Amino acid sequence: MFDIVISGAQVLLPTGLSRVDVAISNGQIAALHAPEDQVAARDRIAAEGLTLLPGAIDTHVHVRAPAFPERGTVLTETSAAAAGGVTTILEMPVTIPTTTSVEQLHLRRAHFECDALVNFGLYAGLGGIDAAQACALREAGALAFKIFTTAVPPGREAEFDGLACPSEDQQFRALEAANAAGLPLTVHCENAGLLKLFGQRSAGSNKAEAGFLNAARPAICEAVAVAAIAAMNAEIGAKLHIAHVTSERTAEVLRRFSGLCDLTAEVCPQSLYASETDLARAGVDGKTIPPIRYEADSQALWRALADGTITQVATDHAPFDAAEKQASAADFATAPAGVPGLEILVPAMLDAVATQKLSLPKAWDLVSASPARRFGLQGRKGEIAVGQDADLILVDMSAPTEIRKDTLFTQARGAAGLYAGRRFQGKVRRTIVGGTTVFNDGAITGRGGEGAFVPPA
């Protein structure tokens with residue numbers, strides 16, 4: 001007697017699509033059966049006409065609470081994840097106080113466990129960049145580390161304490177510490193010296209125009225920082241992961257370092273589906289750092305996904321209150337940087353399949369299996385196979401998803417101007433986390449606290 005049997009769906013297995021029934025017990029996939037088998041279960045989910053996929057794993061998420069509850073809470077942002085088909089999030093340590101100590105990691109875990117609707121793992125900052133500290137953070141449950149190759153943004157010192165590593169010696173020691181702990185090091189890459197130079201050169205530009213961002217933070221800043229840290233990692237051999245790649249220039253740097261060091265990278269939906277033209281339309285709602293670039297960059301990033309240069313798609317979900325954004329409506333220089341993305345990721349990837357940019361197995365490797373491999377979740381998450389956690393989504397490939405501010409679950413819905421009005425082909429119908437349905441046909445059906453903490457293997 002199984003707890004649940006999902007029947008009638010086309011199921012994405014590691015070998016490809018197959019018509020099988022999926023049996024779940026104790027929160028895990030217990031068996032795969034031929035449709036004609038007579039299988040006893042306490043509950044059945046009829047899924048004819050739908051496709052069953054592994055839940056997405058978003059490896060780049062910011063949840064602002066409790067320091068900034070107006071931007072989002074654990075409940076609102078994991079509700080957004082559930083509605084978007086994301087069954088596991090990895091949260092960045094950019095908070096107040098930053099997650100750079102064992103004590104703060106425990107507090108962060110406790111804060112999430114009360115209200116999380118989906119599974120969550122935690123990044124840590126390296127703080128003093130010490131190997132012993134890195135190992136202690138791993139033992140406390142950190143899945144990965146995060147640094148910025150930039151200086152602390154003015155006015156955000158408390159949020160970036162222990163995370164900014166603008167000098168190469170700091171970056172080198174961070175790679176050493178992460179390597180000692182055996183965990184991935186995810187890096188926000190922009191060269192601090194070049195940012196200063198281009199900041200000075202663009203000082204007289206019109207800050208109300210979207211072009212200001214690419215003038216102040218051009219792609220060369222990102223590419224140089226990636227090349228430098230990849231070169232250092234060829235010496236060290238840490239699990240280096242490059243966050244939110246935005247440009248054709250950086251994709252080429254990644255190709256050149258392929259095979260020379262342990263290196264993976266991610267791209268965000270906004271860099272695939274938007275360009276500076278969309279940024280001009282959306283205004284400061286579309287401001288991100290690094291910025292959205294040009295159509296040629298978007299096309300190059302699609303090619304980098306297809307050929308394996310970039311191995312993941314993640315959101316950099318960064319919620320802000322609409323009032324915060326609009327307070328700088330005419331000033332791209334001072335507006336907060338970040339867009340909500342948890343409800344965009346899966347529809348965007350389904351759309352990529354519908355428009356034949358990617359095959360379904362390739363698209364789902366990018367958002368599920370590949371993140372599981374890189375961040376130590378393989379064997380638990382990322383595939384539909386016996387023994388894996390029952391983190392699953394049912395999607396309708398034939399139905400569209402229209403992004404509307406009034407139907408989003410994120411608390412940052414008012415600042416979702418970059419995506420508002422966009423239609424993607426494909427729709428999330430049901431999200432299952434650990435065998436429990438937490439989202440079904442437009443409604444949250446789970447309760448806060450049903451998501452589980454995910455420690456390293």
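## Close-up views of a predicted model

**Figure 1. Helix 1 and the residue that follows it.** Just after helix 1, Gly85 adopts a positive phi of about 80°. The model shown here and in the other views is predicted. Helix 1 spans residues 74-83, and nine of its 10 residues are buried, so the helix is largely enclosed by the rest of the structure. The buried set is Val74, Thr76, Glu77, Thr78, Ser79, Ala80, Ala81, Ala82 and Ala83.

**Figure 2. A buried salt bridge between Arg108 and Glu91.** The closest N and O atoms of Arg108 and Glu91 are 2.8 Å apart, and the two residues form a salt bridge. Arg108 sits in helix 2 (residues 102-115) and Glu91 in strand 9 (residues 86-91), so the pair ties together parts that are 17 residues apart in sequence. Both Arg108 and Glu91 are buried.

Figure 3. Glu113 pairs with Arg109 in a salt bridge, with the closest N and O atoms 2.9 Å apart. Both residues lie in helix 2, four residues apart, which is about one turn of the helix. Glu113 has a relative accessible area of 34% and is partly exposed. Arg109, at 31% relative accessibility, is partly exposed too.

Figure 4. Arg423 forms a salt bridge with Glu402; their closest N and O atoms are 3.9 Å apart. This pair links distant parts of the chain, with Arg423 in strand 17 (residues 423-433) and Glu402 in strand 16 (residues 392-402), 21 residues apart. Arg423 counts as exposed at 53% relative accessibility. Glu402 counts as partly exposed at 40%. Elsewhere, salt bridges link Glu252, Arg255, Arg256 and Asp307 in a network. The count for the structure comes to 20 salt bridges.

**Figure 5. Lys287, a buried charge without a salt bridge.** Lys287 lies in the loop between helix 11 (276-282) and helix 12 (295-306). This lysine is buried yet has no salt bridge. Asp331 is the nearest side chain of opposite charge, 7.1 Å away. A salt bridge requires the atoms to be within 4 Å. The side chain of Lys287 does reach the backbone oxygen of Phe332, at 2.8 Å. Beyond residues up to four places away in sequence, Lys287 touches Leu213, Leu279 and Lys325 among others. Its contacts also include the run of Phe332, Ala333, Thr334, Ala335, Pro336, Ala337, Gly338 and Val339.

**Figure 6. Val284 in the loop that holds Lys287.** Val284 is found in the loop between helix 11 and helix 12, where Lys287 is also located. At 2% relative accessibility, Val284 counts as buried. Neighbours within four places in sequence aside, Val284 contacts Lys325, Gln326, Ser328, Ala329, Asp331, Phe332, Ala335 and Pro336. Cys135 is 149 residues from Val284 along the chain, and their C-alpha atoms are separated by 40 Å.

**Figure 7. The largest pocket.** This pocket has a volume of about 1,000 Å³. Its lining is made up of 41 residues. Pro153, Arg156, Arg217, Lys287 and Ile289 lie nearest the pocket's centre. Strand 11 (144-148), helix 4 (157-160), helix 6 (192-201) and helix 7 (211-216) each supply at least two lining residues. Helix 6 gives the largest share of the lining, four residues.

**Figure 8. The largest cavity.** The structure holds four cavities of 30 Å³ or more. The largest cavity contains about 60 Å³ of space. Its lining residues are His244, Val245, Thr246, Cys268, Gln270, Ser271, Thr288, Ile289, Pro290 and Asp316. Ile289 is also among the residues nearest the centre of the largest pocket.

**Figure 9. Helix 14 and Gln356.** Nine of the 10 residues of helix 14 (residues 345-354) are buried, so the helix is largely enclosed by the rest of the structure. Those buried are Leu345, Val346, Pro347, Ala348, Met349, Leu350, Asp351, Ala352 and Val353. Gln356 follows helix 14 and has a positive phi, near 65°.

Notes
Residues are numbered from 1 along each chain as its sequence is written. This is a predicted model: local features need pLDDT of at least 70, side-chain atom pairs count only at pLDDT 80 or more; totals for chains, interfaces and linings use all residues. Side-chain values use heavy atoms; hydrogens and water are left out. Buried means under 20% relative accessible area, exposed over 50%, partly exposed in between (1.4 Å probe, protein chains only). Lys and Arg count as positive and Asp and Glu as negative; His and the chain ends are not counted. A polar contact is a pair of N or O atoms within 3.5 Å; within protein, one must be able to donate a hydrogen and the other to accept it, and residues adjacent in sequence count only if both atoms are side-chain atoms. Contact means heavy atoms within 4.5 Å. On a 1 Å grid over the protein atoms alone, a cavity is a set of points where a 1.4 Å probe fits but cannot get out, and a pocket is an open set with protein on both sides within 12 Å along at least five of seven lines; lining residues have an atom within 4 Å of a point. Grid points are joined across faces, edges and corners, and a volume is the space filled by probe spheres set on the points.
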